[in-house]
Amino acid sequence: MRKTLLALTLGLVTSTAFAAGEHGGSHAPAGDAEVDRTIRLEAGDMWFDAESLNVEPGHTIRFEITNTGHLAHEFVIGDAQAQEAHREMMQQMSGGHGGHGDHGGHDMAEGQHGGQMPAVNLAPGERATLVWTAPKNVDSLEYACNIPGHYESGMSGNIDLQG
Ligand SMILES: [Cu+2]
């Protein structure tokens with residue numbers, strides 16, 4: 001519940017900023033109106049349905065994601081590079097001796113997503129909502145589950161932002 005509320009609040013702030021920048025105030029009044037589109041997604045073991053998405057640049061999307069699998073999953077939006085970095089972080093957190101190099105990596109211990117990537121975690125059977133405004137300056141992004149082994153097993157999809 002809290003998460004949903006927070007996501008909605010963030011979405012509101014973002015789309016307000018967009019509208020102000022574009023003199024585009026002809027949208028419907030407040031409430032749910034700042035969401036242009038709702039996309040329902042299913043996360044399973046190990047897949048997403050849909051397998052890819054087309055999204056209008058600048059549109060605010062409400063993702064409603066249901067985990068119908070028996071494992072915990074996550075839904076993270078970012079470019080391919082960010083997803084890969086996130087994946088490496090998750091692997092280090094999952095134990096093992098992956099973390100060679102100079103950094104201890106303790107700053108990642110909380111399981112945060114680097115602050116910039118919209119993300120929700122889903123326990124088995126859980127449903128979560130994520131409100132996100134599509135950027136206008138990129139052609140494509142990925143959504144993925146970066147829990148170790150999941151992405152590799154097929155838990156990712158392409159977001160096409162060509163309009
Ligand atoms: Cu997963």
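Analyst: The model is predicted, so local features are taken where pLDDT is at least 70 and side-chain atom pairs only at pLDDT 80 or more, while totals for chains, interfaces and linings use all residues. Residues are numbered from 1 along each chain as its sequence is written, and side-chain values use heavy atoms, with hydrogens and water left out.

The structure holds 3 salt bridges, a salt bridge being a side-chain nitrogen of Lys or Arg within 4 Å of a carboxyl oxygen of Asp or Glu. Through such contacts Arg40, Arg62, Glu64 and Arg127 are linked in a network.

Glu64 meets Arg127 with an N to O distance of 3.0 Å. Arg127 belongs to strand 7 (residues 127-133) and Glu64 to strand 4, so this pair ties together parts that are 63 residues apart in sequence; strands here are DSSP runs of E with at least two residues, numbered from the N terminus.

Glu64 also forms a salt bridge with Arg40, at 3.1 Å from N to O. This pair again links distant parts of the chain, since Glu64 sits in strand 4 (residues 60-67) and Arg40 in strand 1 (residues 37-44), 24 residues apart.

The salt bridge between Glu64 and Arg62 has its closest N and O atoms 3.7 Å apart.

Burial can be read alongside these pairs, where buried means under 20% relative accessible area, exposed over 50%, and partly exposed in between, with a 1.4 Å probe and protein chains only. Glu64 counts as buried because its relative accessibility is 10%, and Arg62 is buried as well. Arg40, by contrast, counts as exposed because its relative accessibility is 62%, and Arg127 is exposed at 54%.

Turning to the metal, the copper ion is coordinated by His73 (ND1), Cys145 (SG), His150 (ND1) and Met155 (SD), at 2.0 to 2.7 Å. Donors are N, O and S atoms within 2.8 Å of the metal (3.2 Å for Na, K and Ca), and because water is not among the atoms, sites may look incomplete. Along the sequence, the donor residues follow the spacing H-x71-C-x4-H-x4-M.

The 4 donor atoms subtend angles of 86 to 136 degrees around the copper ion, which makes the arrangement irregular, because four donors count as tetrahedral if all angles lie between 85 and 135 degrees.

Definitions and conventions. Helices (H or I, at least four residues) and strands (E, at least two) are DSSP runs, numbered from the N terminus. Four donors count as tetrahedral if all angles lie between 85 and 135 degrees; four count as square planar and six as octahedral if opposite donors are over 155 degrees apart and all others between 65 and 115; anything else is irregular.
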